[in-house]
Amino acid sequence: MVCLWPEAVFDCQAGNAPDFPADIDDICEKIRAATKGWGTNEKELIAALGPLGPVERYHVAKRYEEQYDTKLVDLMDKESGGSNFGNAVQLLAQPIEEAECSIIKKACSGVGTDEKLVILVVSGRTNKEIKVLKKTFFKMYGEDLAVKLAGELKGDMERLVTACLQAEEEEFDPEVHTEEKAEEDARLFDKAGRERVGTDEATLFRVICSSPPEYLKMVNLKYVERAGYSLARSVEKELDGDAAKAATHALNMKLKPEETAALFIESTMKGLGTDEYGLTASILMYQALMGTGFPAYEKEYGKSLESRVKGELKGDFEKLILEMIDAEVKM
């Protein structure tokens, strides 16, 4: 499974003080200068925050609070409010684990739950990421993440999210994860879906959530030999609605993460209108997979992500998102 977070997150969780690079203080000062006085200089703020990759954002969020005794996210909230631009700079102003928890909090706010945002954050994550997310969510909001989402969701969607939050993906061991075991799990997957009346969702979710990526690819090949189509196609046949989307996302984040990230980002711009918050959140989260400009998106859709975004957004919000897409990512 691809980890979307810089190692600095886990170092900090282990109690190690961040080792700030020399340029972080300069970036913090540029942000402070852009927000001083009457009004905000959006151009300077975009230039300071927009090009930052996950590591730099993490360091800036931590260092700014140290230097100025103010949380950067609180400053962005005060300066930019709840506009699309404001939502984006608030996400950029937080350590990545806190930003993702705020995405879940927003998904559960108001009438109904935004299952798509829940899928983005929870589905297809590493054990380490899930454990830190649960710890951080409780620290920020005083609620157990699993209990919170169980109360927001229902049916197969709730069962899959609960399975994801168990953080029980096995470590790949070639002596355990053999061709014979892959063939057996492919048979069990088939028996749980195609070969029975009604679906045994628990078996499907166990195979998806507990299998390491190297092994799941083996199971997928065995399943194709057996059924004539992939595990993902089987999930689409056996499950409905958000549960099918979440299970397919979790599966494909292990089998083909870059293409899956591209698909999710594209889905925020398809149809009538753009889901601006979903677009911002997914670009923010998937920077580790994107590389500069996200060539996997262009390969999948025949145009650059920058050109796609230019057709959907405008103003300072567009400029900020374009900077995020072109950020130089260091992990």
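These legends walk through several close-up views of one predicted model. Local features are described only at pLDDT of at least 70 and side-chain atom pairs only at pLDDT 80 or more, while totals for chains, interfaces and linings use all residues. Residues are numbered from 1 along each chain as its sequence is written, and side-chain values use heavy atoms, with hydrogens and water left out.

View 1. Helices here are DSSP runs of H or I with at least four residues, and strands are runs of E with at least two, numbered from the N terminus. Helix 9 covers residues 127-141. Look for Glu129, Ile130, Val132, Leu133, Thr136 and Phe137, which are buried; buried means under 20% relative accessible area, exposed over 50% and partly exposed in between, with a 1.4 Å probe and protein chains only. Seen down the axis of helix 9, its buried residues fall within an arc of 165 degrees, so they line one face of the helix. That arc is taken from the directions from the helix axis to the C-beta atoms. On the face turned away from the buried side, you will find the exposed residues Lys131 and Lys139.

**View 2. The neighbours of helix 9.** The buried residues of helix 9 pack against helix 1 (7-13), helix 7 (96-107), helix 8 (115-122), helix 10 (145-152) and helix 11 (155-165). Contact means heavy atoms within 4.5 Å. Just after helix 9 comes glycine 142, with a positive phi of about 70 degrees.

View 3. The whole structure has eight aromatic pairs. Rings of Phe, Tyr and Trp (its six-membered ring) pair if their centres lie within 6.5 Å; planes under 30 degrees apart count as stacked, over 60 as edge-to-face and the rest as tilted. Phenylalanine 189 and tyrosine 223 make an edge-to-face pair, with 5.6 Å from centre to centre and 80 degrees between the planes. This pair links distant parts of the chain: phenylalanine 189 belongs to helix 12 (residues 179-192) and tyrosine 223 to helix 14 (residues 213-227), 34 residues apart. Phenylalanine 189 and tyrosine 223 are both buried. Together with Tyr229, they form one aromatic cluster.

**View 4. Charges over rings.** Lysine 237 lies over the face of tyrosine 229, at 5.2 Å from the ring centre. Elsewhere, the charged end of lysine 116 sits over the ring of phenylalanine 264, 5.5 Å from its centre. A charge sits over a ring if NZ of Lys or CZ of Arg is within 6 Å of the ring centre and within 35 degrees of the ring normal.

View 5. Side chains of opposite charge can pair when their charged atoms come close. The structure holds 20 salt bridges, each a side-chain nitrogen of Lys or Arg within 4 Å of a carboxyl oxygen of Asp or Glu. Arginine 63 and aspartate 25 meet in one of them, at 2.6 Å from N to O. Arginine 63 lies in helix 4 (residues 54-68) and aspartate 25 in helix 2 (residues 24-34), so the pair ties together parts that are 38 residues apart in sequence. Aspartate 25 is partly exposed, at 30% relative accessible area. Aspartate 26 and lysine 30 also form a salt bridge (3.5 Å, N to O); both lie in helix 2, four residues apart, about one turn of the helix. Aspartate 26 is partly exposed at 41% relative accessibility, and lysine 30 is partly exposed at 46%.

View 6. The side chains of lysine 222 and glutamate 179 meet at 3.3 Å, N to O, in a salt bridge. The partners are 43 residues apart, with lysine 222 in helix 14 and glutamate 179 in helix 12. Lysine 222 is buried, with a relative accessible area of 18%, whereas glutamate 179 is partly exposed at 44%.

**View 7. Methionine 157 in helix 11.** Methionine 157 is found in helix 11 and is buried at 6% relative accessibility. Leaving aside neighbours within four places in sequence, methionine 157 is in contact with Glu115, Val118, Ile119, Asp242, Ala243 and Ala246.

Notes: Expected span 1.5 Å × (residues − 1).
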